[in-house]
Each structure stands twice: as structure tokens, then as C-alpha cells.
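Dear colleague,

Please find below the structure that I am handing over to you. My notes on it follow.

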Amino acid sequence: KNSKLIAIGIDHNSAPIEVREKFYLRPLERKLFLSELKSDPAIITAIVLSTCNRTEIYAKILDLPTEKILRKIIRLLLNMKNENENPSLQKYFYVHENEGALRHLFLVATGLESLVLGEKQILGQFKEAVELTREYGMMDKEFNILTNVAIRAGKKAQEETLIGYGGASVSWAAVTKAVEVLGTLKEKSVLIIGAGKMSKLAANNLANKGISQIYVMNRTQEKAESLAQLFNGLAVPFCDIKEILSKVDLCICSAGCVHYLIDKNTLEKVMEERCNRNLLLIDISMPRNIDPKVEEVKSVTLISIDDLDKVVCDNLDKRKNAVADVENIIKSKTEEFYQKIKFGHQARCAW
């Protein structure tokens, strides 16, 4: 039977953060979702990618109407997240087919579609998604070739061009934004909530900016202590959050909690303790872990992921100049893929 490649998803370009967080899939949810896709006879292979900026499904499907598959996948996502069916949400999703889907995959893997141009984390996240597909026995020959070529394209872009020049991650952008707002981070203190990869990257960037004191909070105290030790910081328990917020200049939150860790009521009490001394909060969690209403509290500045694409830096110019180089890599890797699966000119539009 004829089949086709599709890419269905939402990202920071197509949907605001309040929509994206509805569809963010945690690791267990990704596994459950992949199981659902595997049980669908119309879906041959699939990859589920969910990050702070995008949730996407790349799939090889029977040659059915794309609209039908789109509705089915959105319905599955809503059921997974216990959300009511809402037709208006469909407008935030994009769909690419065959060559369009192939190009989109390469753009994502090389960092050209990232909120922070050229960020390196997306490649690792894509590799994890590919491994999950293998684990679930959904990787066929063509998909295996495709994903291997996409990963090599991402590596080549990072190693042979300036697309990642000078730092390229959401964490880097968060610290760059903090410098922009606070003027300098020297002799400042920071609370980092979360102890995962994003928090570690943020702590490393902060240390390079001369921050004087780093506090780390995490659901698992052991992980908080491990991260704090790397940067001569201090691991602190969640019960001390008001006390710590009352004395730091900056809080960067990159946790994976299902509810808000900092709300408006807490911040109002904290700001009384601070005598309304300015406090900068940067929330790079997905879904968000700082209540957007805290922005209403006097002397509090809240930055979310979507604000970080406005970060302007000299490094960005060098990365933008590298886009053409990465586009050339994508072009050559696309040709490599077609040659490997022996596509003739006629076969490019169908699997």
C-alpha cells in the first residue's frame, strides 16, 4: 500500500505558551502516546518529540486524507492530557507532508527551527525520541535511515558551522536576558528551581557571569545537592522558598511540576519582606511553574520562554550568518537520504 511521511505539531512559532503547555508530554505520557499510535493500523512508524518549545509527531502513515489523521492525533493528545475536545485548538497545529515533512525534520534537528537559533539541546532530545521509537518496535528501514541522516545533519551543523556560536540554549538566553534586565550579575544571588539539564546549563552560564551565590531547590534533595556542589552553591528545601526569595536578586525556574511552585499570594508576602526591592523571575519550565499573575505584584518582573526569542546578542549575528551553511548541509543530507532509500525522481512524493 502507498504510504506518506507527515509531520504534525505545534511550536513557539505557531502557538502561544498557554496552548503549548496543554500539549506538553512528560516522558511517561510520550510512551503512552507512542503505544496509542502503534495500535493504530493507519500509522506504520512514528516519533514523538516534546520539548519546552514544541510537541511534534513524525509518522509514516497509510496514504489517507491528512485532515483525518490530524484530527485523530489532536483527539489522542487531548485525551492524553484530559482536555475537552476543542476544534479551535486545531488552528495552532501545522502539518507537513513528504518532502515538506522531511525538510521540517532537518530544520528541527539542525536547530534552525529553535526559539534560540542553533540551540544544541534539540539534537539530544530528538535522539531520545528516536530511541523511544526503537524501544517500541516502530522503526522500519526507511525511518531508521531518515533519523540517522537527520542526526548526522544536526551534528555536522554544530561541528562545522557557527550556528551554535557563543552559546545557544534556552538556559543561555535566560541568563543573557537576566544580564539585560539587571545590568550585571556580579555580586548578585540566584535561586535555581530544578536540577535537570536546563538548570545545570543555567548554573554554568551564571557562574561565568560572576554570580556570588547560587541556591538550588529540587524535589529530590540529592539532585539539588549534586548540582549545588558543582558551583559552590547551597541546596535548600522547598519549605524555605519564601525565605530564599526574600533575599535573592534572581530566580530561574526549570522544574517539571504539574502545578505552580510560585504564586501571586506567595510573592506578595515575599515582596513585603524585601521592602519591594526588585525581583526578577525567569520561568523556563514547560508547563509553566510560576503563576503568570505574579507579574501584577509591584517590583516583580516575570520572563517566560516566549520572551526569550527577543534576546539580542552579538553572537546571534554570527549564528544568523551560518544559516546558509546549515541550509547547504540540509540540502546534501536530503539528497543522501533519497539516494540511500533509492528514491527515483518519480518516487519522491510517496513512500
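Both faces of strand E1 are covered, with Ser-3, Leu-5, Ala-7, Gly-9 and Asp-11 buried on one side and Lys-4, Ile-6, Ile-8 and Ile-10 buried on the other. Buried means under 20% relative accessible area, exposed over 50%, and partly exposed in between (1.4 Å probe, protein chains only). Strands (E, at least two residues) and helices (H or I, at least four) are DSSP runs, numbered from the N terminus. In a regular strand the side chains alternate between the two faces of the sheet.

The model is predicted: local features need pLDDT of at least 70 and side-chain atom pairs count only at pLDDT 80 or more, while totals for chains, interfaces and linings use all residues. Residues are numbered from 1 along each chain as its sequence is written, and side-chain values use heavy atoms, leaving out hydrogens and water.

E1 covers residues 3-11 and runs antiparallel to strand E3 (residues 54-62), joined by nine bridges. Two strands pair if DSSP finds at least two bridges between them. With strand E4 (residues 94-97), E1 pairs in the antiparallel sense over four bridges. Ile-6 stands opposite Ala-59 in E3 and opposite Glu-97 in E4.

Elsewhere, six strands form an open sheet with parallel pairing, in the order E7-E6-E5-E8-E9-E10. Strands E7 (234-235) and E10 (300-304) each have a single partner strand, so one side of each is left without a neighbour in the sheet. Two bridges join E7 to the parallel strand E6 (residues 213-217), where Val-216 has Ala-235 of E7 as its bridge partner.

Yours sincerely
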